[in-house]
Each structure stands twice: as structure tokens, then as C-alpha cells.
Amino acid sequence: MNHIIATEKLNLFYNDFHALKDINMKMRANTVTALIGPSGCGKSTYLRLFNRMNDLIDGVKITGDVRVEGKDIYEKNTDVVDLRRKVGMVFQKPNPFPKTIFENVAYGLRVNGINDNGFIKDKVEQSLVQSALWDEVKDKMNKSAFELSGGQQQRLCIARALAIEPSIILMDEPASALDPISTAKIEELIYELKQNYTIVIVTHNMQQAARVSDHTAFFYLGELIEYGETKEIFTNPKDKKTQNYITGRFG
Amino acid sequence: MTHLDKESLQLKTDLIGMWNLVISQLNKTHEALINFDKDLAHEVVANEKRVNGHELKIDNDCENLFALFNPVAIDLRFTLAVLKINSNLERTGDMADGIGRFILNGNGPFDEELLKVTQVIHMYDEASSMLVDILMAFEHENTKIARSIFKRDEILNQININSIQVVADYIRTHPDNIEQALFVLSIIRKLERVGDHCKNIAEEIIFYIEAKVLKHASKKQKAE
Amino acid sequence: MDWPKKSERNKNLKQIIAFTSFKLLSYAVVMILFLILAQIVFKGFSVISWEFLTAMPEDGMTKGGIFPAIVGTFYLVLGSMIFAFPIGVLSAIYINEYTKDSFYKRFIKLMTNSLAGIPSIVFGLFGMTLFVNTLGFGDSILAGSLTLGLLTLPVVIRTTEEALKSVDDSFRHGGYALGATKLQTIRRVVLPIAFPNIITGLILSIGRVSGETAPILFTVAAYFLPKLPSGIFDQVMALPYHLYVISTSGTNVAESQPIAYGTALVLIMIVLLVNIAANTLRRYLGKKVKMN
């Protein structure tokens, strides 16, 4: 079985702060991996390694290997823009651009140099269908994205990420700002998207991790405490710390 | 269909598989009893392992469903019901296994007259048709069928109560066949237990669909 | 256990006193503004006419109109904006979006803030030395516009920077995450969001420039020039300077007083209109930017 994402002996420092310690982890294609742990445990930082969003922060230093589709993405000649096309991202707060619904989804195509309007139109529709938003927005494609509800905006952001055909989608607490119904919709969507994408999701919500993921990784103080099948983690965690965290006894 | 719906459906399918296996186990012992077919009885005993395997798998699936989906309301009642129906089915399977072992240990075809006077065959028919009907109630979420089980269990109970006198009478007239008579009495006891399991399963089905707890309720209450 | 008694009445009284005094003070501010406006309107309104706005000054500026001053101010504002807007906006983008080094960033900020604090007469002096004499532009629209542009540059930089800063980082990250380059993200995401606020800042700086007197004193303004400029190297009259001239050193200060008030009224109206335009435009663009 080949692994689409792998890190080996990965260490990350924010200036002097050792944020991630010797993380070895491999993720398979077409699975959902949940990263859980208390705030500040390094799970979001770990997520942002895979599309090099950590580059935007000053003073970040990395040692070890981060491989995406077999390639070390921290090599000198890595094209970051190209990497981010392959590794999409959905953020905690829905952040649609101040454009129309159509243009939001088309944005990624346009910045990647696609001008064929017919192609863009088809791709926008396809992405919206995939993100289960098409039926709700097909009659108002030229309305502002801000007119949508929070949950719809988040699904729009997912459609926006899907449009450029990534193979991996990173999700940083994608439902934490949404109401329970919208959250359930996003979770169903993640389950559907697994067919075609590899998904890594950071979540504070243990039940969410349990519901959507195939594998779960528990981070604590920058260390990977336990990583395994979600079923195993939630029925029979090997580590005492994992057990205490998922049962709500600390963290 | 949501992810949870899919998982629940899978669980339901697995439980129905278990159910059919147990029904076939019981039917095989029925046949083995009539024909004194030791091979068939042997098959039943061997198959008991499969029943146990099924039980463990469904238990495990229920555990995962609880852990991963935190089901509530009907989903919660469904999962709880599956868990309990599962253990009732496993015990029913044990009954079939026990009967199979009696047949294996027997030293010749059972006396037709003994089978007739004790009504054990009738009991067999009733028990396995109850098991089939209650499966139907589960599959189609039909509480009416489930409720009908309570009355039918009384038939089994009556046969069971009568059996002591019947077997005693038989032994008096056939003092040379005491062993077989006691075997049949044990089988009757076991079939009576099968009826009780069906009743428990019916209660679980009603609990899951209507959220009513019928355990330890009076007969009148159950009929409502 | 009983709670200790609270002095309810005392508390309410304090509230009322505080509230009333704040209210009165804010009314006072409005009153002062109103008084200034009232005086100017009252005294200046009678001289305002179509002729006043479109005619040349006559009789040693005691009669006639202020047309050349209006035109002059218009040219100066236009010239200074052509100079200050692109430079200001681009530097603000550079400072806010590109500079990572916090020391360097702070240094630039300190400098632009200091620039904003320099008295405008010093700008006038500097403009005269550099543009009028050293570069040999003479007293001209060009020299005046450049001087006014320098004066308004820090304001443009500051307002643009604030507008860019108010764009949430999540928009930038959203852009980068889709494989957009920094330039694409700035051009297609950040600037459209910041645009209404940038424009408002720019328009407000127009208001400021149109009222400045000191910087144009030595660089462009003509005491009396009853003809329109024909090129950027010509001198012009300008409203604020004209106002200064006719109320302090005109041929007949007392006689030209109504014209002075008329000029003041025109100046105030221009600034007021610019402010209203800024607000309307921001509201309009604020809606539009979400739409396109």
C-alpha cells in the first residue's frame, strides 16, 4: 500500500519553541485522517506542513522529511504554488472572497492560468455538485458569496478547493464555526469526498473525528502520542493519555 | 442516506444473517431429530462456532457504532436492541447446539409415539415459525407481528408444563425407554427457552420502534 | 445572610451627572461648528452667484468673481493626486504586504509618521528650494502640485495601510491555499476588499489638499492673475491663498470682505462635498465589492 503523505523524524521549531517532535506518520490515499489533541498540541501546525502554509509565519524551522506523493516538498526546487494546487485547504472560518458565488469557485482556475470560459463553467458546476451545494445556489450564481449562510459558505470554500482538482484536502476545524445542522452536512460531505480525495482534518470535536475519520492521530505537547484506526482509538486506545483525552478527563 | 444510516443498515443486514443462520440451525436439529440423522446433528454442532463468530462480530460492530457515532434517539434504541437481540439469538443457537448433542449421544431413532404424545414436533414447528415471524417483524419494523409473539409463546409454555405429566406417563408404560424420554423432556425445556428468547426479542423490537419498555410488564399491558 | 444595603440613589445620580455632562460637551462641539458655518454662510451667501463663480476678479479684487482661484485649486488638487496616489498606495502595499522585517517596517512607519507631523509651511519652503529653484520649475502648477503631493503622501500611505490591515488574513490564506501567487492574491483578493476604504482615504486627503495655503505660498500661488493657466509651468490663483490675500493684504480689505466670505463658503462647500462624496462612494463600493 503506498502512502500519499508521509513524515519522517519531523521536527518543527517556532524560533526556540519545539512545536513538533519527531513525528513519524503515514497516510494512505482515499482515507480520512483526523488530528486531535488539546489546543496548542501542534496538530494545526502539522496540518499546515503539507501545503507549506507554515512558510507564511516567521521563524519556522523544519528538520526531517515531509513527503507528498513520494516527493519531499521541502526540497529547494519545490514549486509551492504547484504544491498548493495539489493540496487544497479549507479553513476554520468560512472565508469566501468578496465575489460572486461563481467567481469564488472559478478563482482557483483563473489564478492558475485557465481562461477557457466553457471549461471554467463546467468545472464550477461540477465542484458545486461535489460539495453538495449546487441545488442551493444554481439559481443565484451571480449573487455575492456573502449572502450565503455560514454552512453554505463553508461548502462553497470546499467547492473552491475542489475546482482545481487537488488530490489532498486539508481541513482545519472546518465545522467549528458552524451550527450543528451545517456541521452534520459538512461531515457527510467529508465522508462522500473520501471516494476521490485524501482528507486530513484537524478537529477539536472528538465525536467529529470519530464519525468522519478512518484513522486518528492524537497529539499532545508536540508529540504524536497515538496513531491508528479510529475504531481502535475510540474503543481501545493503547495509551493512557489518549484514553484520558477522548473520555474528556483532561485537555 | 447518511453515514450512520449506512452503518446501521450494515448492522441490520449482519444481524439478519445471524438470524437466518440460527433458524437454519434449529430447523436442522428438527430434521435430525425426526430422521435421527447424526451427520446433520454433527453439522449443527460444528456450525455453532459460526454462530459464535457472528455474535462477536455484531457485538464489535455495535461497540464501534456507539463509540464512533454516539447514536441518539431511534439510532440509540436500534443499536441497543441489536445488541440484545444478538445475545438472544446466540443463546437460541446454543439451544440448537444442545439438541444436536443429545441426538449425537442417542443410540437409535426416537420412538414415534414418544415424539407424538409429548407434542415436541408441534413445539418445534411453533418455535421455528416464531423465530421466522419475529425476524419479519424486525426486518419490516412491524410491532404488530412482534406483539403476536407473546400469545404464541404461551402455547410453548403450556406444552412444557404438560410435558412432565406426559413424560411420566410415557415412562410408566415404556420403562425400557426412560433415557429417550428424558432426552425429549430436555429438548422440550430447550424449546421453551427458545420461545422465551423470541419473546425477549419481540420486546426489544417494540422498544426500538415504539420506545416502550415491555419487560416485566403484565400480559394485558403487552397486548396493548 | 442579608446583603449590605446598596446606595441606589447615589449611584443613579452619578450616572445622570456623568451622562448629562457628556451630552452637553458633545452638543458644545456641534454648536461651535454650527456657529462657524452659520457665520460664513450668513455673510458669504449673498455674494454667491453664477457670476461670482465664473467671473474674473475686478477692481483690485474687491469686485467680480473667483473663477481663476477655483480653477487653480482644481488643477493643484488634480496634480498633487496624480503624484501622491500611485506612490502612496504602492508604498503602502509594499509596507503592509511585503516587508517582513519588523525593524525595517517600524523604521518606514516612523518616517512616514514624522513626515505627517511636519508643519505645512516647512513643506512649502522645501518645495520652493527643490522644485522652484533647484529643479528650475519656477512658481508653477508643477512645483505646487508636487509640494502638495509630498504633504499628502503620508496621509495616503497611512489610510491605505489601514485599509489593507483591515483585510482579514484568512482571505490572504484562502488565496495562497488555492495556488495563487502573492501578487495574484494582493491584486485579486486583498485590493478589491480594501478598495472602498482606500478610496475613502484618498478622497479625504483631497479635502485636506484643497484647503492648504502654506505649501502653495512659495511654489505656485499668484497674488492676482486674471487669466487661466495654459500649461503646468504657469502660476495660478488658489482659493485658500486668495482668501488669505483679500482678507489681509488686498487693495481694500474692508471692501473685499464679502468676497472673502464668499470664497470661504465656496471652499467649505468643496470640502463638504468631497466628504459627502467619500461617504457615498464608500457605501456604494462597499456593496459593490461584495457583488463583483
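Q: Why is Phe36(B) called buried?
A: This is a predicted model, and every value here is computed from it. Phe36(B) has a relative accessible area of 14%. Buried means under 20%, so Phe36(B) counts as buried.

Q: What makes Phe110(B) buried?
A: The relative accessible area of Phe110(B) is 8%. The cut-off is under 20%, so Phe110(B) is buried.

Q: How many aromatic pairs are found over all chains?
A: The search of the whole structure gives 15.

Q: Why is the pair of Phe218(A) and Tyr245(A) called stacked?
A: The ring centres of Phe218(A) and Tyr245(A) are 5.0 Å apart, and the planes stand at 25 degrees. Rings pair if their centres lie within 6.5 Å, and planes under 30 degrees apart count as stacked.

Q: Which parts of chain A does the pair of Phe218(A) and Tyr245(A) tie together?
A: Phe218(A) lies in strand E9 (residues 215-220) and Tyr245(A) in helix H10 (residues 240-246) of chain A, so the pair ties together parts that are 27 residues apart in sequence. Both Phe218(A) and Tyr245(A) are buried.

Q: Why is the pair of Phe36(B) and Phe110(B) called edge-to-face?
A: The planes of Phe36(B) and Phe110(B) are at 65 degrees, and the ring centres are 6.1 Å apart. The distance limit is within 6.5 Å, and an angle over 60 counts as edge-to-face. The pair of Phe36(B) and Phe110(B) therefore gets that name.

Q: Where in chain B do Phe36(B) and Phe110(B) lie?
A: Phe36(B) is in the loop between helix H1 (3-35) and helix H2 (38-69) of chain B. Phe110(B) is in the loop between helix H3 (73-105) and helix H4 (112-118) of chain B. The two residues are 74 residues apart, and their pair links distant parts of the chain.

Q: Which residues of chain B do ring pairs link into a cluster?
A: They are Trp19(B), Phe78(B), Phe138(B) and Tyr208(B).

Q: How many helices and strands does chain B have?
A: Chain B has eight helices and zero strands. Its pattern along the sequence is α-α-α-α-α-α-α-α.

Q: What makes chain B as compact as a globular protein of its length?
A: The globule rule gives 17 Å for 224 residues, and the radius of gyration of chain B is 19 Å. The value is close to the rule, so chain B is as compact as a globular protein of that length. The C-alpha trace of chain B spans about 65 × 40 × 20 Å along its principal axes. Of the 224 residues in chain B, 50% are buried.

Q: What makes chain A as compact as a globular protein of its length?
A: Chain A has ten helices and ten strands. Its radius of gyration is 18 Å, close to the 18 Å that the globule rule gives for 251 residues, so chain A is as compact as a globular protein of that length. Along the principal axes, the C-alpha atoms of chain A fill a box of roughly 50 × 45 × 35 Å. Buried residues make up 55% of the 251 residues of chain A.

Q: How many positive and negative side chains does chain A have?
A: Chain A has 32 positive and 32 negative side chains, and the centres of the two sets are 2 Å apart. In chain B there are 26 positive and 35 negative side chains, with the centres of the two sets 5 Å apart.

Q: How do you know that Thr152(C) is buried?
A: Thr152(C) has a relative accessible area of 2%. That is under the 20% limit, so Thr152(C) is buried. The residue sits in helix H6 (residues 141-165) of chain C. Leaving aside neighbours within four places in sequence, Thr152(C) is in contact with Met81(C), Ala84(C), Ser205(C) and Val209(C).

Q: Why does Ser46(C) count as exposed?
A: The relative accessibility of Ser46(C) is 62%. Exposed means over 50%, so Ser46(C) is exposed. Ser46(C) is in the loop between helix H1 (8-44) and helix H2 (50-54) of chain C.

Conventions: Residues numbered from 1 in each chain as written. Chains lettered and ligands numbered in written order. Predicted model: local features only at pLDDT ≥ 70, side-chain atom pairs only at ≥ 80, totals over all residues. Heavy atoms only, no water. Helix = DSSP H or I, 4+ residues; strand = E, 2+ residues; numbered from the N terminus. Rg over C-alpha atoms; globule rule 2.2 N^0.38 Å. Buried < 20%, exposed > 50% of the residue type's maximum accessible area, 1.4 Å probe, protein only. Lys, Arg positive; Asp, Glu negative; His and termini not counted. Charge placed at Lys NZ, Arg CZ, Asp CG, Glu CD. Phe/Tyr/Trp six-rings, centres within 6.5 Å; stacked < 30°, edge-to-face > 60°. Contact = heavy atoms within 4.5 Å.
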